[in-house]
Amino acid sequence: QSVTETFDFDSQPLLLLKRKGEVLAKLYSRLGQQNQFIQFLAQETAQPQEKRRQFAMYGFEIMSELHLTEEQMTSNKKDFQAIFQKMLNDESIQVRTSALKAITAFISGIDNQDVVMEFEPILGLLIDTVSKALQTDEEQGTHALDSLGELTGAHPEVWKNTTVKLLDVVS
């Protein structure tokens with residue numbers, strides 16, 4: 001609790017907040033309390049400050065890459081999917097790009113193709129995010145495109161029903 005009180009989303013740069021998030025993710029994981037950190041991150045997705053929502057998505061990305069087992073991700077996939085879908089519809093392209101990165105890390109951590117394919121309903125939002133990011137912010141667009149490439153490398157089968165939309169982005 002006291003560690004999270006050191007977050008100052010008004011004045012601290014996002015990079016510093018992300019580093020604090022990495023430390024927290026490691027601490028919660030070592031204590032076997034990943035669910036508590038996930039709950040904290042879920043609460044941050046509802047905050048009005050863009051930086052808080054970006055931080056939350058980065059936290060989900062780190063947890064997915066380093067601290068959650070496939071079993072933990074699979075058993076809570078509906079909750080994660082709801083959060084990711086909400087963030088992919090955020091007004092901020094930075095938050096949507098952060099959500100894309102988190103989803104990529106999350107899905108890449110799952111080997112079971114059937115579970116991965118349950119995320120198919122949000123794949124169109126991923127493509128929309130990449131397209132919008134490329135149009136509005138070159139750096140965000142590059143990050144989004146890189147994430148899409150990572151997801152494609154891990155699970156190329158996810159795009160079989162969205163080929164036309166995917167081709168529109170890359171052309």
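1. What percentage of the 171 residues in the protein chain do buried residues make up? The share is 50%. Here "buried" means under 20% relative accessible area, "exposed" means over 50%, and "partly exposed" lies in between (1.4 Å probe, protein chains only).

2. A quick word on what you're looking at. This is a predicted model, where local features need pLDDT of at least 70 and side-chain atom pairs count only at pLDDT 80 or more, while totals for chains, interfaces and linings use all residues. Residues are numbered from 1 along each chain as its sequence is written, and side-chain values use heavy atoms, with hydrogens and water left out.

3. Now the overall layout. The protein chain has 10 helices and 0 strands (DSSP runs numbered from the N terminus: helices are H or I with at least four residues, strands are E with at least two). Its radius of gyration is 16 Å, close to the 16 Å that the globule rule gives for 171 residues, so the chain is as compact as a globular protein of that length. That radius is taken over C-alpha atoms, and the rule is 2.2 Å times the number of residues to the power 0.38. Along its principal axes, the C-alpha trace spans about 50 × 35 × 20 Å.

4. Next, who touches whom. Contact means heavy atoms within 4.5 Å. Take the contacts in the protein chain between residues at least 6 apart in sequence: 68% of them join residues at least 24 apart.

5. Have a look at helix 5 (residues 77–88). Its 12 residues reach 16 Å from first C-alpha to last, close to the 16 Å expected at 1.5 Å a residue (the expected span is 1.5 Å times one less than the number of residues). Its buried residues are Lys77, Phe80, Gln81, Ile83, Phe84, Met87 and Leu88. Seen down the axis of helix 5, they fall within an arc of 165 degrees, so they line one face of the helix; the arc is that of the directions from the helix axis to the C-beta atoms. Turned away from that buried side are the exposed residues Lys78 and Asp79. The cover over the buried residues of helix 5 includes helix 2, helix 3 (50–67) and helix 8 (123–136).

6. Helix 9 (residues 138–154) is worth a look too. Its 17 residues should span 24 Å at 1.5 Å a residue, and its end C-alpha atoms are 24 Å apart, which agrees. Gln140, Gly141, Ala144, Ser147, Leu148 and Leu151 are buried in helix 9. Viewed down the axis of helix 9, the buried residues fall within an arc of 125 degrees, so they line one face. On the other side, Glu138, Glu139 and Gly153 are exposed. At the start of helix 9, a side-chain oxygen of Asp137 reaches to within 3.1 Å of the backbone nitrogen of Glu139.

7. Why do residues three or four places apart point the same way in an α-helix? An α-helix has 3.6 residues a turn, so they do.

8. Finally, two glutamines. Gln34, in helix 2 (residues 34–44), counts as buried because its relative accessibility is 12%. Leaving aside neighbours within four places in sequence, Gln34 is in contact with Tyr28, Ser29, Met63, His67, Leu68 and Gln72. Gln94, in helix 6 (residues 93–108), counts as partly exposed because its relative accessibility is 22%. With neighbours within four places again left aside, Gln94 is in contact with Glu50, Gln54, Asp137 and Gln140.

Key:
A polar contact is a pair of N or O atoms within 3.5 Å; within protein, one must be able to donate a hydrogen and the other to accept it, and residues adjacent in sequence count only if both atoms are side-chain atoms.
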